[in-house]
Amino acid sequence: MEQTLDGEGAANASSQAANPATPANPATPAGEPGTSPQAAGAPGAQRPVRVLVADDQDLVRSGFRMILSSYDGIEVVGEARDGDQAVQLAERLRPDVVLMDIRMPRVNGIDATRAIRSNAVLADVQVLILTTFDLDEYVYDALSAGAGGFLLKDAEPDEIASAVRVVAAGEALIEPSITRRLIETFVAARPGVPAGDAARGIDQLTDREREILTLVARGLNNDQIGERLFISPATVKTHLARIMAKLDAHDRAQLVVRAYESGLVKPGVM
């Protein structure tokens with residue numbers, strides 16, 4: 001397991017001044033829920049994206065805190081050393097995004113993700129998985145558990161901040177083509193999911209909904225799907241909401257998983 005942020009992400013993090021507000025105990029929150037969006041700025045200021053960082057490595061947490069705290073509109077509200085603390089702090093702080101490492105003691109990132117995403121009280125809390133390799137076998141499990149996407153630990157600072165903002169805005173799938181490749185790899189390598197379980201809800205989709213789900217699984221965003229089908233992005237969004245309801249999926253990432261597991265989309269077929 002890595003001890004520091006890899007690549008230039010670590011270099012950028014270590015070159016910044018340490019954040020004096022970092023709590024001595026990483027499990028202690030740096031902020032409280034319910035803070036007014038205008039509390040830290042001028043009247044009418046947009047509410048910052050509130051982030052909880054969960055990783056068992058102190059230097060990794062510190063690195064992400066320093067990187068994210070250097071960007072306007074992003075606030076790190078807490079840190080957790082394991083999945084259990086991540087769930088507890090998510091319930092207490094209600095962050096917009098949890099940056100979640102996969103391999104952690106006590107409760108791992110996959111189980112913590114599942115606990116957060118299955119909790120109706122935390123319906124607005126998104127999970128962004130941290131991983132070292134883009135073909136980490138556990139990332140597939142995390143996406144299936146409800147994570148909105150994944151982020152490589154050696155990503156550039158601008159990429160990290162952008163990923164957090166995208167997930168917070170509800171665009172669940174980060175780097176669609178990479179995520180699709182990851183899912184293709186592990187769906188093809190794993191034993192088949194029982195047909196009845198995998199296809200549950202697929203038969204309830206209309207032809208148009210199946211068409212849109214197929215395009216989502218192939219990595220297209222709403223604008224691209226709209227262009228392909230000659231419909232507006234707003235119409236695509238409406239269809240996606242209906243598809244998610246029928247398939248009991250939390251977000252686009254889970255829709256991609258459902259599409260591959262059900263056989264609607266075949267690995268390697270574009």
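Which residues does Arg 106 touch, not counting residues up to four places away in sequence?

**View 1. Overview of the predicted chain.** This is a predicted model, in which local features need pLDDT of at least 70, side-chain atom pairs count only at pLDDT 80 or more, and totals for chains, interfaces and linings use all residues. Residues are numbered from 1 along each chain as its sequence is written, and side-chain values use heavy atoms, with hydrogens and water left out. The chain has 12 helices and five strands; these are DSSP runs numbered from the N terminus, with helices being H or I of at least four residues and strands being E of at least two. Of the 270 residues in the chain, 47% are buried. Buried means under 20% relative accessible area, exposed means over 50%, and partly exposed lies in between, with a 1.4 Å probe and protein chains only. Among contacts between residues at least 6 apart in sequence, 71% join residues at least 24 apart; a contact means heavy atoms within 4.5 Å.

**View 2. Arg 106 and its contacts.** Arg 106 touches Asp 82, Asp 84 and Gln 85, leaving aside residues up to four places away in sequence. Arg 106 sits in the loop between β3 and α4 (109-117). It counts as exposed, at 65% relative accessibility. From C-alpha to C-alpha, Arg 106 and Asp 84 are 7.0 Å apart in space and 22 residues apart in sequence.

View 3. The loop between α1 (7-15) and β1 (49-54) contains Pro 48. With a relative accessible area of 22%, Pro 48 is partly exposed.

**View 4. Helix α2.** Helix α2 covers residues 58-69, and its end C-alpha atoms are 16 Å apart, which agrees with the 16 Å that its 12 residues should span at 1.5 Å a residue. The expected span is 1.5 Å times one less than the number of residues. The buried residues of α2 are Val 60, Arg 61, Gly 63, Phe 64, Arg 65, Met 66, Ile 67 and Leu 68.

**View 5. Helix α6 and its buried side.** Helix α6 (residues 157-168) has 12 residues and reaches 17 Å from its first C-alpha to its last, close to the expected 16 Å. Its buried residues are Pro 157, Ile 160, Ala 161, Ala 163, Val 164 and Val 167. These residues lie on the same side of α6 because they cover an arc of only 160° around the axis; the arc is that of the directions from the helix axis to the C-beta atoms. Gly 170 follows α6 and has a positive phi, near 95°.

**View 6. Packing of α10 against α11.** Helix α10 (residues 222-229) and helix α11 (residues 233-247) pack at an angle of about 105°, with axes 8 Å apart. The two helices are therefore roughly perpendicular to each other. Angles of 65 to 115 degrees count as roughly perpendicular, under 35 as roughly parallel, over 145 as roughly antiparallel and the rest as oblique. Axes are lines fitted to C-alpha atoms, for helices over the stretch in contact, and angles run from 0 to 180 degrees between N-to-C directions. From α10, Asn 222, Asp 223, Ile 225 and Gly 226 meet Pro 233, Val 236, Lys 237 and Leu 240 of α11.

**View 7. Two non-glycine residues with positive phi.** Arg 94 has a positive phi, near 50°, and is found in the loop between α3 (83-93) and β3 (97-101). Arg 94 is partly exposed, with a relative accessible area of 39%. Asp 248 has a positive phi near 55° and lies in the loop between α11 and α12 (252-262). Asp 248 counts as exposed, at 60% relative accessibility.

**View 8. Helix α12.** Nine of the 11 residues of α12 are buried, so the helix is mostly covered. Among the buried residues are Arg 252, Leu 255, Arg 258 and Tyr 260. Just after α12, Gly 263 takes a positive phi of about 90°.
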